Amino acid sequence: MTHPVLPTAELGTGGPLVGVQGLGCMGMSEFYGPTDSDEALATLGAALEAGVTLFDTADGYAFGRNEEFIGPFVRANRDKVVLATKFALVRKEEDPGYRGISNDPAYIRAAVDASLRRLGVDEIDLYYMHRRDPAVPLADSIGTMAELVEAGKVRHLGLSEVTGAELREAHAIHPIAALQSEWSVFARDVERTAVPAAAELGVAFVPYSPLGRGFLTGAFQDANHLGADDVRRTQPRFTGDNAAANAGLLAPLREIAAARGVTLAQVALAWVHQRAEVHGLTVVPIPGTRKRGRLAENTAAAALRLTAEELALLEPISGQVRGGRYADMNFTQVGRE
Ligand SMILES: NC(=O)c1ccc[n+]([C@@H]2O[C@H](COP(=O)([O-])OP(=O)(O)OC[C@H]3O[C@@H](n4cnc5c(N)ncnc54)[C@H](OP(=O)(O)O)[C@@H]3O)[C@@H](O)[C@H]2O)c1
């Protein structure tokens, strides 16, 4: 399957026009094992050629080094790239597993300047709050983000892993272009409140980990095959008995992929697009890859349409998945819904 150039979509009402599939850049610097930097850079260029324009990073990825890694590419293609980055994850290099969250105004002001410096740009196209700290009123944190728009440091605002109620509250303070949360055949929590709220408000949805962090591609064997510092070793869906049980859930994807002559990854990506149609909202999934071949495979999925029968085969899967998305689910919107 090939698809020369991706179609485009508006990223939220009044938001930028982007290719209907973005690129997650996180794995280029951390979390999913060793990276070939030359191949990762070539993948960024190939993505742009294929019509991918939304490039996703965060200040927390590799302690800022992911922003530094994509910076030269972004600067060289500044007029074509829609650059998304995030603040709020507080990390400690001496304790890589540590995760804190800060939504404090002073923290946000310092974080945006640090991201701009690492990226080497004057303005961030889409600035997300990576995680919500319920201890800080949204009026304070969204108000501060809105000041960044006024100051010309940021063009559009986004949120990640918020509930539908939080999205509504934030959007009333300042327009939110995009909500980025995990959404895939394996992870459908967001369909409870976040997706309906985004649909109602005209906020675009940016599904992260649309390939289930690689699980849905069928490539994952067991956690022992992962590098020692691969984050999936700590994630309940990939570990212990859960991994084998979850691998069994891929049978319908395999069946559809074989019948259609496509890959499991392509089936998983087509599912996200068609699920969004059911909910009546724009989606721009951001599968992460560091390899040109996979990039081509993933972008080609934009041309795949699953039949109603195929969608029905995939429907029961998420209800049978074993293990939470994160070891600490407080880190998601779920506990606040
Ligand atoms: N907001 C948040 O809290 C949050 C959380 C997680 C991720 N994200 C963002 O979302 C992006 C995507 O999520 P993700 O990277 O976690 O998960 P993903 O896109 O579901 O899966 C990425 C994994 O799948 C592999 N892969 C990609 N395409 C493949 C294909 N066609 N066949 C086989 N394997 C394939 C990648 O390996 P290779 O790289 O080796 O191809 C990588 O190991 C990230 O890069 C990041 O920007 C955001």
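**View 1. The shell around the ligand.** Tyr32, Asp56, Leu211, Thr289 and Lys291 come nearest of the 31 residues around the ligand, where near means a heavy atom within 4 Å. This is a predicted model, in which local features need pLDDT of at least 70 and side-chain atom pairs pLDDT 80 or more, while totals for chains, interfaces and linings use all residues. Residues are numbered from 1 along each chain as its sequence is written, and side-chain values use heavy atoms, leaving out hydrogens and water. The shell holds 11 nonpolar, 11 polar and nine charged residues, with Gly counted as polar, Tyr as nonpolar, and Asp, Glu, Lys and Arg as charged. Helix H10 (residues 292-300) gives the most to this shell, with three residues; helices are DSSP runs (H or I) of at least four residues.

View 2. Arginine 131 places a polar side-chain atom 2.8 Å from a ligand oxygen, and asparagine 298 has one 2.9 Å from a ligand nitrogen. From glycine 212, a polar backbone atom lies 3.2 Å from an oxygen atom of the ligand. The protein covers 95% of the 890 Å² of accessible area that the ligand has on its own (Shrake-Rupley method, 1.4 Å probe).

**View 3. Helix H2 against helix H3.** H2 (residues 65-76) packs on H3 (residues 105-119) at about 60°, the axes being 7 Å apart. Glu67, Glu68, Ile70, Gly71 and Arg75 of H2 meet Ser115, Arg118 and Leu119 of H3, with contact meaning heavy atoms within 4.5 Å.

Note on methods: Polar contact = N/O pair within 3.5 Å; in protein donor to acceptor, adjacent residues only side chain to side chain. Helix = DSSP H or I, 4+ residues; strand = E, 2+ residues; numbered from the N terminus. Axes fitted to C-alpha atoms, helices over the stretch in contact; angles between N-to-C directions.
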